[in-house]
Amino acid sequence: MQSHSEFQTPPPGCPAHAGGERVPLHGPEFAAAPNAFYETLRQYGPSAPVELAPGVEAELVTDYATALHVLQNPDSFARDPRRWRALNEGRVPLDSPVLPMMMYRPNPMFSDGATHLRLRQAVTDSLARIDMHRMNRHVNRVAAYLIEQFSSRGKADLVTDYAQWLPLLVFNDLFGCPAEIGDRLVFGFSGIFDGVDAEKANEVLTESLFELVALKRTHPGDDVTSWLMQHQAGLSDEEMIHQLVLLIGAGAEPMQNIIASALCLLLSDEKYSGGQHSAGMLVEDAINDVLWNSPPIANYAVHYPVHDAELSGRTLPAGDPVLVSFAAANTDPNVSLGRQTLSKRAHLAWGAGPHACPAKDPAMLISVLAIEKLLNVLPDIELAVAEESLTYRPGPFHRALNGLPARFTPVRDERRPSGRQPSGVTTGNPSPQDNQGKSRKGSWWSGFLNWWRV
């Protein structure tokens, strides 16, 4: 972790070197040293002018108390992007890479008032029906399946072989996906996250979700999709699609980053190798460390001032996007001095106020179980590269490792003496679809179902 004292001058590539007005939160410089950028941004006060992508301007809140003020005052700071003045005036490039993360969708994240309450209630009531014991068992099964795909090799990339896939496969069960639809959902979400043929991936994702909704209308099950559909909120098919995109997509990406970052910490930080805590407490402490110091969603929670607003002398015009930097707020020097006396959950990684994450408890459980399972099966696992050589995906919103190479003593496959892969499973980085987005042999979800029946 970088210390506060390391960042006394603006980082290379930062406009502060040339007297620029907006600090870019895109490109390799920001991905390589975000804390240096946050240190520079604090020189502006509790919020600072930033550029999220070329032509996309915003204000970023870096102060903990100010972040809470924005998050907890929906009457002054709304979430509906249809207020976005620059977008409405045609000043935002329609092909901007950040637009899909900021555009309006009829779900709780982008709604206000009565609409928000109605949609959020449907989501929270449905999530409350999840059987945690059943989810516990399923996470262990998925983790065992994924580990088995690489355990005999003695090496793995813990991002692309494990953390990326585990949340999606767990969610396939929670949301009641049959094999063929589940395969295409995995393809769609992973393609969008990775930016690989994202247009095709989005098309496949949308079609697959429509099929899932249609299936559950006629054949409801004991799953989140069916519970959402049966809720008294009376969600339309279009609303169902957008709730599912939010719950699966917005759940999988942060969880992937939590698992990968916590594993990186456990395998690299000496304070986690002293054996002073039980294994469970060790994992939870590492995750809390990540949520405080390197939250998986670093900068997001886009708000729009309802009226011109002032924050410590800075005027924020109505309709201009205001983002909360969870990463900068959590490491605010004014908070850092007193963090020993704060609750472990006082961080803002889950948000706060009426839009706080409704799924933080299931997310924590899945992350803890996934990490514990990996460390129990592969007790001598270690990083295969120096921590300093690890790189992060560029982008203003997340803190996401590109990869996490690890090595360990190869484990003999006990399930199949021959060591053969189960039918329908490929190792390495799978590509579960052909060019038309049709499911084919080698798909992860159907591969898992086949494996479980062996």
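Guide: Happy to! Three strands make up an open sheet in the order β5-β11-β10, and their pairing is antiparallel. At its edges stand β5 (155-157) and β10 (382-383), each with a single partner strand, so one side of each has no neighbour in the sheet. Strands here are DSSP runs of E with at least two residues, helices are runs of H or I with at least four, and both are numbered from the N terminus. Two strands count as paired if DSSP finds at least two bridges between them. β10 meets β11 (residues 405-407) in the antiparallel sense over two bridges, and L383 stands opposite A406 in β11.

A word on the ground rules: this is a predicted model, in which local features need pLDDT of at least 70 and side-chain atom pairs count only at pLDDT 80 or more, while totals for chains, interfaces and linings use all residues. Residues are numbered from 1 along each chain as its sequence is written, and side-chain values use heavy atoms, leaving out hydrogens and water.

There is another open sheet, with six strands in the order β1-β2-β3-β9-β6-β4 and mixed pairing. Its edge strands, β1 (23-24) and β4 (77-78), each pair on one side only. Within this sheet, β2 (residues 47-53) and β3 (residues 56-61) run antiparallel and are joined by six bridges; A53 has V56 of β3 as its bridge partner.

H116, L119, R120, A122, V123, S126 and L127 of α6 are buried (under 20% relative accessible area with a 1.4 Å probe, protein chains only; exposed is over 50%, partly exposed in between). They share one side of α6 because they cover an arc of only 150° around the axis, taken from the directions from the helix axis to the C-beta atoms. The buried residues of α6 pack against α12 (224-230) and α13 (237-268), whereas the face turned away from them carries the exposed A114 and L117.

As for confidence, pLDDT (the predictor's confidence in each residue, from 0 to 100) averages 84 over the protein, and 81% of the residues score at least 70. Over residues 417-442 pLDDT stays under 50, and the model has 55 contacts there beyond four places in sequence, a contact being heavy atoms within 4.5 Å. Where pLDDT is low, the predicted coordinates should not be read in detail.
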